[in-house]
4 protein chains.
Amino acid sequence: MTVKHQVKAILREPDMHLENRARLLVKCPDQPGIVAVLSSFLFNYNANIIESSQYSSDPENGTFFIRIEFHCDNLQEKSTKMEEEFTYIANDYGMEAKFCYLTKRERTAIFVSKELHCLQELLWEWQNGDIETDIAVVISNHEDARAIVESFNIPFHYIPAHKEIRQQVEQQQIRLIEAYDVDLLILARYMQILTPEFVNHFKNRIINIHHSFLPAFIGANPYERAHTRGVKLIGATSHYVTNDLDEGPIIEQDVERVDHRDTVAHLKKIGRQIERRVLTKAVKWHLENRIIVEGNKTIVFH
Amino acid sequence: MTVKHQVKAILREPDMHLENRARLLVKCPDQPGIVAVLSSFLFNYNANIIESSQYSSDPENGTFFIRIEFHCDNLQEKSTKMEEEFTYIANDYGMEAKFCYLTKRERTAIFVSKELHCLQELLWEWQNGDIETDIAVVISNHEDARAIVESFNIPFHYIPAHKEIRQQVEQQQIRLIEAYDVDLLILARYMQILTPEFVNHFKNRIINIHHSFLPAFIGANPYERAHTRGVKLIGATSHYVTNDLDEGPIIEQDVERVDHRDTVAHLKKIGRQIERRVLTKAVKWHLENRIIVEGNKTIVFH
Amino acid sequence: MTVKHQVKAILREPDMHLENRARLLVKCPDQPGIVAVLSSFLFNYNANIIESSQYSSDPENGTFFIRIEFHCDNLQEKSTKMEEEFTYIANDYGMEAKFCYLTKRERTAIFVSKELHCLQELLWEWQNGDIETDIAVVISNHEDARAIVESFNIPFHYIPAHKEIRQQVEQQQIRLIEAYDVDLLILARYMQILTPEFVNHFKNRIINIHHSFLPAFIGANPYERAHTRGVKLIGATSHYVTNDLDEGPIIEQDVERVDHRDTVAHLKKIGRQIERRVLTKAVKWHLENRIIVEGNKTIVFH
Amino acid sequence: MTVKHQVKAILREPDMHLENRARLLVKCPDQPGIVAVLSSFLFNYNANIIESSQYSSDPENGTFFIRIEFHCDNLQEKSTKMEEEFTYIANDYGMEAKFCYLTKRERTAIFVSKELHCLQELLWEWQNGDIETDIAVVISNHEDARAIVESFNIPFHYIPAHKEIRQQVEQQQIRLIEAYDVDLLILARYMQILTPEFVNHFKNRIINIHHSFLPAFIGANPYERAHTRGVKLIGATSHYVTNDLDEGPIIEQDVERVDHRDTVAHLKKIGRQIERRVLTKAVKWHLENRIIVEGNKTIVFH
């Protein structure tokens, strides 16, 4: 049996134990009684709260956020009525709310260029069953990733890209994204700038990995600049993409220690380890509905 | 103005903004509806939930734990009625519950021997207003700590101790602890074994710092043994004291990197930094009612 | 082009720039003048010291260790004479010494069972050119790793193993190790006990990864036991294998934070990340001749 | 006995075992033979090398740096001749060199404003004998530190400062620094800008702690800006002061994890712990002659 077939067998079946699980995400003006109303609503459906995390920006006149994961027998039959009935509560309390069902996995497209370490880590963790997604397609402006991607039986599309043809390229990409019915875009070291139109099209749905500890070293060549500055730690940052370069809401960051002996090549090597784990964490949390974007910041319910 | 007077002025006044704040800790068999009943109860008193953390050991037939911090106008007038009324809910759901009021700070006794770094860190953080307690008394089997303790205007009691007179010593200590109305005992590198009677007297109320990454190097001379074993990280562990030496419920642990060049003296020096921060965190969390002991483990709601 | 061919093309050619590079490792009784005699010796060959690290167990009557990496034009022609001449110095100073040439890469055999994450990380880093070795063979008591190993064009041998047939199995393994001319054995989560004969045969040449922070949780099921004990950090340890189970010289250790919510399955998942990086570091350092084993401890020259 | 007297007794005597210890720091163009010539020179004085660390910016045409710590009997009698003789070698190889004797401790002045945590950590570590210096004087633009400083029997000078009188203030400060014969200035959260004249006067002799992970958040209010940006780690950086604000050679940096719940006040509290340890490490390394400034970067020999 080849690697391909193993992967296929292990990964493509959604976990049937999850059919009665869902997550409710709510954002609303803070006031007494919100938890009472939400938990009573769920109790009326005989749902059991598995995990609940909340945050209030300010107890007085702040905004309240909550993520509740619950189990509910026969959820698939009840869900339509549940969501309908919930609209009344949502109206009363000025809530933005979303129900996420664990059997309805988000579909992702991974964008990559020539550096493959972030892609490989994602594929690996996905293969282990540790990322809740269907990887629908990988898109690249180079051919380097084709072999590894196709060995996982995932469609690979090569779309050459450069500054002059940016708009045509993005139109091709959008057609693919739509054809593959993609929810989330992951820029796994995709080294092309995106146009504002493209970014606006996928608001809070594009996750990038930047190879520095933002806001230090925004833009090109962060390792070279880190080396020139003589920093003693280097880092990586995953964030949602906005139209301010490297200024989008930060999801996760991490660092490693370096010293005067480390050349730029060493920094890149060390950095690859940080990039791998930081991007993978951010993607997992997004897919587990743990992230709420508020202004230019994220609330991450671990 | 001397250090003493500064300290006195800064620290002894409870924060009046906290008079309407409390925490409710609950443990009970898990079942649907618990959060609904608790949050509705609080809503009936017009209390606003500031922070809420919960944990279920197992969604099916597990034990449910929750810590709710809330604000409630005129809490001091309402609290008696609130607690009375809560007993009905507690009975219905088989709850163990506790209301903790932020104006009623726990009183602590610090036990110390000749190594003063943990004591100093605690005094310092307390002086900064970062530990919610009244330090009622420091008790030591040596005189080394007297000057620093008295400079903070805290009573210091010297009670010489050795194996042969352990019981008399502990009786003296218990008399002091009762006289000072102490809730929590902190062993800040107190190098005497306690008798089972003493430990049982203060169940889950004695926090110790052990100078190793438990369960490695239980017992005496952990740094010497870490050096002999050639470990590449050394650690410290804070835990509640039970009658199994260094086997009580772990609250917090941390480590630092060491290498072959580090002598035992270096390990002790590095270890002091770890011990300071690990013990201080454990003490803070205990006093903020963030810790629930369950079996021989802790649930810590950060 | 398939993944296989890429790998082959990228990896199998030794770096020609390294033909004039070597490392000299020396251990001897400490006394004044050792560095002078070694550096003068190298200077007489017009060698340039690239990197030098030393350690003395004790300035008085201690043992002195040094690792010198140097560049020397026409090293391959000079090396025989160099080594011969060095024997005089070695005799005078009571030195154990070893010259390691960067063009003569050590050959490794990786042993693995059903858990493949450590194997995969090693293959990956090796494919990136970040591990100085030729992976000669992978040996397993299960078939799980075959597809991935063969996709790298590396020979894979399946040798079923259990307690009763341990000696026959090991004889088969030794024949393979000799046939493939292997220098270093890497136990990348190989879940079989080795006999004393086997271990003695490869003294300081077997590197294991143990899935705990040694000396905590020696032996079987460390994650289960870590969960039961309620530790707040879990770890992994790479060490040379000796005939005391999990008691061999420690090369590297690392930890990650966990909390009360983490089940055994979570600990294993988190642990896999630690195991991957800890084993890979240890293997790299061994192959870069950075490790000297002294008694039951290691000196690691980073 | 008061704290004051204890401190005096414990700390002011230099360690007599150190009278035969020195450090030699050398910088020169790289070429074969440098280590040979230096180690032979020391061996001729029968000196024993205790610790040696070197770095070459590039094996070809680079710059070579070395720090050698050695023991030499009767060093005090030999040192003049040693240094004289060394000038011949220094000339031959184009070396900048410095001999540092462990009995001649550098004298420090600590500058502080209202935040006392860095000062306290320095005093504490110094009291433990862990910082090789004589703290000659503490200078502040506020009275807040007086009590704690004087309790250590260290002279405290209050010099009010603001923008308009900067030059007069600095002249007063320079007079004090000269009167106290100070070698190193430590800005332990001293919140005043220094003039170029002042900075040039003490080149590579002023160590600052900046409360961010540089080059992120240069300038004022870094914690506020970190909060606004929504970073997931906050840091602190110690560096030598130059006339580019927060752009001087970085000595040490560290970070701690934060999350969306942390207010600016929390960030400051967490940051204080980072600042304490980062500044203390930088100061220790400077005083142990472990730092060489090269261009705008530091080489730190750990």
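**Exercise 1. Determine whether helix α4 (residues 117–127) of chain A is enclosed or open.**

Solution. 
Step 1. Apply the burial cut-offs: buried means under 20% relative accessible area, exposed over 50%, and partly exposed in between, with a 1.4 Å probe and protein chains only. Helices are DSSP runs of H or I of at least four residues, strands are runs of E of at least two, and both are numbered from the N terminus.
Step 2. Go through the residues: A:H117, A:C118, A:L119, A:Q120, A:E121, A:L122, A:L123, A:W124, A:E125, A:W126 and A:Q127 are buried.
Step 3. Because 11 of the 11 residues are buried, α4 of chain A is largely enclosed by the rest of the structure.
Step 4. Look past the end of the helix: A:G129, which follows α4(A), has a positive phi, near 80 degrees.

The model is predicted, so local features need pLDDT of at least 70 and side-chain atom pairs pLDDT 80 or more, while totals for chains, interfaces and linings use all residues. Residues are numbered from 1 along each chain as its sequence is written, chains are lettered from A and ligands numbered from 1 in the order written, and side-chain values use heavy atoms, without hydrogens and water.

**Exercise 2. Describe the surroundings of B:R67.**

Solution. 
Step 1. Assign its burial: with a relative accessible area of 1%, B:R67 is buried.
Step 2. Find its polar contacts, meaning pairs of N or O atoms within 3.5 Å; within protein, one must be able to donate a hydrogen and the other to accept it, and residues adjacent in sequence count only if both atoms are side-chain atoms. The side chain of B:R67 is joined to that of B:E69 by a polar contact of 3.1 Å. The B:R67 side chain also reaches the backbone oxygen of B:N289, at 3.1 Å.
Step 3. List contacts (heavy atoms within 4.5 Å). Not counting residues up to four places away in sequence, B:R67 touches residues including B:R23, B:E51, B:E288 and B:F301.

**Exercise 3. Characterise helix α3 (residues 75–93) of chain C.**

Solution. 
Step 1. Locate the kink: about 25 degrees, centred on C:K81. The bend at a residue is the angle between axes fitted to the seven residues ending there and the seven starting there.
Step 2. Select the buried residues of α3(C): C:L75, C:S79, C:M82, C:F86, C:I89, C:A90 and C:Y93.
Step 3. Find their partners in chain C, which are β1 (21–29), α2 (34–44), β3 (63–71) and β4 (96–101).
Step 4. Continue past the helix: C:G94 follows α3(C) and has a positive phi, near 65 degrees.
Step 5. Take one residue of strand β4 of chain C, C:E96. C:E96 is exposed, with a relative accessible area of 52%. C:E96 and C:V26 are 70 residues apart in sequence, yet 5.7 Å apart in space, C-alpha to C-alpha.

**Exercise 4. Summarise the contact between chain B and chain D.**

Solution. 
Step 1. Count residues: 20 come from chain B and 20 from chain D.
Step 2. Count salt bridges, each a side-chain nitrogen of Lys or Arg within 4 Å of a carboxyl oxygen of Asp or Glu. There are 6 between chain B and chain D. The side chains of D:D130 and B:R272 form a salt bridge at 3.5 Å, N to O.
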